[in-house]
Amino acid sequence: FRRMRESAYAEGLRQTDLAAQLLQRRLALVRAPARLIADNPAKIEGGRADGRPSPIDQLRELTEQARSEIILVSPYFVPGPEGVAVLRATRARNVRVRLLTNSLASSDAAAVHAGYSRYRHALLAMGVELYELKPIMRPSRRRRKVIFGSARASLHAKAYVFDRRQAVIGSLNLDPRSVYLNTEMALVIDSPVLAGEIADAFDELVDPEYSYRVELDAASPSGLKWSAHEDGRAVGFRLDPQASRWRRLAVTVLGWLPIEDQL
């Protein structure tokens, strides 16, 4: 226990804003109705659902009910044809859809990025706003605080906000593994205050100092362009930024393999 308490990980936790607020008894709490939704454990053996909604069922329902805006934060994002169809129907209702996931350089799973990459063009063509987290986080001169305590960054949180009134936080990524293979759980929170705070945090994370904005570009060899700010000036890329040629090649090769249902 003592070794764990004195570890670098524990020290990093002690340096966070959350730890400071807890220790100083100044953490602001918000009361809100919430419900926990979890997959049936029989799912991993191919068992049938028990009639209760699963986390992905709840996300689909909230998506279909959204009227103005959906915010998606998923480290591993592989929507598949079904997910693309849901988002296309959402955009057809003129609902704004904004997505943050890992860039190739910040992702720890090249195979997942390969699965995600094949859907970028379709998502952008339907009007989804797409952002990818940078691998190196530097404080923005225009922001009052640093989001991450470490310079090295990789997205891990899974959070979804609907019309800035409801939020879903849990273990569920928007990928086939979460939908079909893993047992996941999620907390569905009905609170404009908390949903608004998560949306504000999203707005900070997609600042061009922290994330790349991905857009279509017919003149680019990838058909895409990445834009961001570095040291206060605008920069642009036509291939996955800050990723080596070999990592890009690996993603291309992995994209040829029929493994999407395992991602």
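Strands here are DSSP runs of E with at least two residues, helices are runs of H or I with at least four, and both are numbered from the N terminus.

A word on the source. This is a predicted model, where local features need pLDDT of at least 70, side-chain atom pairs count only at pLDDT 80 or more, and totals for chains, interfaces and linings use all residues. Residues are numbered from 1 along each chain as its sequence is written, and side-chain values use heavy atoms, with hydrogens and water left out.

Back to that pair. Strand 4, residues 129-133, runs antiparallel to strand 8, residues 211-216, and four bridges link them. Two strands count as paired if DSSP finds at least two bridges between them.

Next, strand 5, residues 159-162. Which residues lie on each side of it? A159 and V161 are on one side, Y160 and F162 on the other, and all are buried. Buried means under 20% relative accessible area, with a 1.4 Å probe and protein chains only. In general, side chains in a regular strand alternate between the two faces of the sheet.

Strands 5 and 6 form a hairpin with three residues between them, and D163 in the turn has a positive phi of about 55°.

Last, a pocket. On a 1 Å grid over the protein atoms alone, a pocket is an open set of points where a 1.4 Å probe fits, with protein on both sides within 12 Å along at least five of seven lines; lining residues have an atom within 4 Å of a point. The second largest pocket has a volume of about 430 Å³, the volume being the space filled by probe spheres set on the points. Its lining has 22 residues, and the closest to the centre are I56, P79, E82, G83 and L174.

Which helix gives the most to this lining? Helix 5 does, with six residues. Helix 4 (55-65), strand 2 (69-73) and helix 8 (176-181) each supply at least two.

Terms used:
Buried < 20%, exposed > 50% of the residue type's maximum accessible area, 1.4 Å probe, protein only.
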